[in-house]
Amino acid sequence: MRAAVVERYGGPEMVRLREVDEPVVGDGDVLVRVEATTVGPTDGTNRSGRPAFGRLYFGLARPKHPVLGYDFVGVVERVGPGARRFALGDRVYGTLAPTPGAHAELVRVAEDGVIAPIPAGLDAAGAVSLLDAFFTAIPFLRDGARLRAGQTVLVNGASGSVGSAAVQYAKHLGATVVGVCSTGNVELVGSLGADQVIDYTRDDFAAASDRYDVIFDAVGKRSFRECRSALTPDGIYLSTVPTLPVLLRSRRARSADTGRRAGILFTGLRSIADKTSDLAVIGELATTGAIRPVIDRIVPFDAIAEAHRRVDSGHKVGNVVVAVSEAPRGTEVGS
Ligand SMILES: NC(=O)c1ccc[n+]([C@@H]2O[C@H](COP(=O)([O-])OP(=O)(O)OC[C@H]3O[C@@H](n4cnc5c(N)ncnc54)[C@H](OP(=O)(O)O)[C@@H]3O)[C@@H](O)[C@H]2O)c1
């Protein structure tokens, strides 16, 4: 089978399509022929080895796992002995996180792993675009922020993958949502349900005082120090990007549950049970139309380096999808 392989750290040109051995399907496994996957910032770090502390996790000298990518959508092509949940031809989606390997024509997935039938009404590009976005936004807002109806949440980076999901999920929870993005994305963020959209090229949300119960910096661009006074007295700042001050404050936040707080989660490291239960939540929200995928662009498998380039720009809109086997449809909103 073909897979996108990264043998040495470097730029997008380090990603090459190669013939590799097919995965071995064991007891309780299914083999999925991948229709589509995504490239995200974590793949960018895994490919480039930057920031350098990422190498502690991804491999000191070279990527430990040369095939990157976590999320997949596709068709069950083989069923291992003892596997009962899925049958040949089932259309499924899921994630291999925290171990990559989805940038390939075939993936082996334990049937009791994070895998489910794709929600009705979604095509492959749409289904795969929900995964990293909502697997991140849901735990941050529900578990980290404990966001409730009636509260006000600000989402910084509201046009990105995680940010666009956070706007939708926060709205679903009944919060008042303020999204922050640049001029070209204001309309999109409003269409996702934001009650107010702040254009960061014109206004600074952090200049507000005592306004937000939750500030979710989905792109890690503003520090807790900068955002602190914009929080209500018991407000919480959460960032997706680890910095030393946030890591230290996150530890303290667990013991002191009052006052302005800061925190971080590492959602890819959550248990299979937690992710499986969130996959059910994602499926239900998508089926009822409460959430929708946001797709920047769909790139053919043999142009996957282009997908990495777009992700490296830091300005993708929603998700960059890679069509591995066939054109997976979906509406592209990126420029
Ligand atoms: N902690 C965790 O468990 C976890 C899990 C998943 C992801 N992450 C991390 O979360 C981050 C976000 O991932 P993602 O896929 O959502 O990113 P992304 O889609 O690449 O983010 C791109 C978006 O960021 C916006 N942006 C860029 N500069 C900005 C600024 N100064 N202010 C506000 N918005 C700005 C861009 O909007 P404009 O073009 O309008 O500027 C663009 O739409 C990544 O660092 C990723 O590694 C962490």
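Helices (H or I, at least four residues) and strands (E, at least two) are DSSP runs, numbered from the N terminus. The model is predicted: local features need pLDDT of at least 70, side-chain atom pairs count only at pLDDT 80 or more, and totals for chains, interfaces and linings use all residues. Residues are numbered from 1 along each chain as its sequence is written, and side-chain values use heavy atoms, with hydrogens and water left out.

**Domain interface**

The domain assignment, whose bounds come from an automatic or database source, gives domain 1 (2–130 + 270–323) and domain 2 (133–268). Taken over C-alpha atoms, the centres of domain 1 and domain 2 are 26 Å apart. In contact (heavy atoms within 4.5 Å) are 23 residues of domain 1 and 23 residues of domain 2. Buried area is the accessible area (1.4 Å probe) that two parts lose on being put together, summed over both; for domain 1 and domain 2 this is about 1800 Å², with 60% of it on carbon and sulfur atoms.

Between domain 1 and domain 2, eight residue pairs are in polar contact, both residues being at pLDDT 80 or more. A polar contact is a pair of N or O atoms within 3.5 Å; within protein, one must be able to donate a hydrogen and the other to accept it, and residues adjacent in sequence count only if both atoms are side-chain atoms. On the side of domain 1 that touches domain 2, helix H3 (124–144) and helix H8 (272–287) are the elements that give two or more residues. H8 gives the most to this side, with six residues.

Two salt bridges are found across the interface of domain 1 and domain 2, the rule being a side-chain nitrogen of Lys or Arg within 4 Å of a carboxyl oxygen of Asp or Glu. The side chains of Asp143 and Arg270 form a salt bridge with an N to O distance of 3.7 Å.

**Backbone geometry**

Most residues other than glycine have a negative phi, and most peptide bonds are trans.

| Cis peptide bond | Omega |
|---|---|
| Arg50 to Pro51 | about -5° |
| Ala97 to Pro98 | near 15° |

Pro51 lies in the loop between helix H1 (41–48) and helix H2 (55–58), and Pro98 in the loop between strand E5 (91–95) and strand E6 (106–110).

Arg146, in the loop between H3 and strand E8 (152–156), has a positive phi near 50°. Asp210 likewise has a positive phi near 50°, and is placed in the loop between strand E10 (196–199) and strand E11 (212–217). Buried means under 20% relative accessible area, exposed over 50%, and partly exposed in between (1.4 Å probe, protein chains only). Arg146 is exposed at 54%, whereas Asp210 is partly exposed at 45%.
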